[in-house]
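Good morning, and thank you for joining.

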Amino acid sequence: MAERVKLLGALPSPFVYRVIWALKLKAIPYEFIEEDLSNKSPLLLKYNPVHKKIPVFLHGDKPVCESMIIVEYIDEMWPQNPLLPNDPYERALARFWVKFAEDKGSSVWRMFRAKGEELGKTMKETLEMLQNVEEHGLGEKKFFGGDSVGMADIAIGSVVYWLEVIEEVVGGVIFEAHKFPRLHAWIQNFKQAPVIKENLPDRDWMVTFFKRRREAMAASA
């Protein structure tokens, strides 16, 4: 009997959606367990005792933590619809852009939490991140891995789709189509890929959610 797959998470976390997309692209059935991050469950604390964060992926009773490590585990465990290219060099390039998203994508969340001068600084950092991806990431390809959604698309998609929402929440515009034509065409292709389209959080709902979060942070500051 196959070991059961469970995902501990809270929505609309982009890190949780990375794992959801990988599972859906692989057509792997799973049970989603919603976490209340203000009152973390014994299950979360048991299976991620080091960071106590979501997402946590359970394969049977084996926990895997950190979103892109989970995605790589899924790709290795279930080889159908591979998320990394076969070619070693292309695979290295994909991993480079995954790491880039991990290292630089955090500027979006600093932007969300910032105000005043700090907001301007984080917007500049985010702009530089986008410029690097625009100039060096895609070339003429539809997706980072070629013709289908792969691991780098999952990593960067979880940055850019949420950025489009955070821009509206903080009242700044960075990701303009005429400045980033390749990246803009790519995010449209990404959002229209059937599995992704069926598993994207609603934009309007997210704007409302993050506006309330930002207002709550300002009130408690």
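Pro55 sits in the loop between helix H2 (42-47) and strand S3 (56-59); helices here are DSSP runs of H or I with at least four residues, strands are runs of E with at least two, and both are numbered from the N terminus. The peptide bond joining Ile54 and Pro55 is cis, with omega of about -5°. This is a predicted model, in which local features need pLDDT of at least 70 and side-chain atom pairs count only at pLDDT 80 or more, while totals for chains, interfaces and linings use all residues. Residues are numbered from 1 along each chain as its sequence is written, and side-chain values use heavy atoms, with hydrogens and water left out.

The loop between H2 and S3 also holds Lys52. Its phi is near 55°, a positive value in a residue other than glycine. Lys52 is partly exposed at 37% relative accessibility; buried means under 20% relative accessible area, exposed means over 50%, and partly exposed lies in between, with a 1.4 Å probe and protein chains only. Asn81, in the loop between H3 and helix H4 (88-104), likewise has a positive phi, near 50°, and is partly exposed at 46%.

A cis peptide bond also joins Leu11 and Pro12, where omega is about 10°.

An automatic or database domain assignment supplies the bounds: domain 1 covers 5-77 and domain 2 covers 88-219. Their centres, taken over C-alpha atoms, are 21 Å apart. Sixteen residues of domain 1 and 23 residues of domain 2 make the contact, defined as heavy atoms within 4.5 Å. How much area is buried between domain 1 and domain 2? The value is about 1700 Å², with 74% from carbon and sulfur atoms; buried area is the accessible area (1.4 Å probe) that two parts lose on being put together, summed over both. On the domain 1 side, Pro12, Trp21 and Met68 lose the most area to domain 2, together 41% of what that side buries.

Polar terms are present as well. Six residue pairs are in polar contact between the domains, both residues at pLDDT 80 or more; such a contact is a pair of N or O atoms within 3.5 Å, where within protein one must be able to donate a hydrogen and the other to accept it, and residues adjacent in sequence count only if both atoms are side-chain atoms. Helices H1 (14-25) and H3 (67-77) each supply at least two residues of the domain 1 side, and H1 gives the most, with nine residues.

Two salt bridges cross this interface, the criterion being a side-chain nitrogen of Lys or Arg within 4 Å of a carboxyl oxygen of Asp or Glu. Arg95 and Glu72 meet in a salt bridge at 2.7 Å, N to O.

The structure holds twelve salt bridges. Among them is Lys26 with Asp75, whose closest N and O atoms are 2.6 Å apart. Lys26 lies in the loop between H1 and strand S2 (31-34) and Asp75 in helix H3, so the pair ties together parts 49 residues apart in sequence.

Another pair is Glu140 and Arg182, at 3.4 Å, N to O. Here Glu140 is exposed at 72%, whereas Arg182 is partly exposed at 35%.
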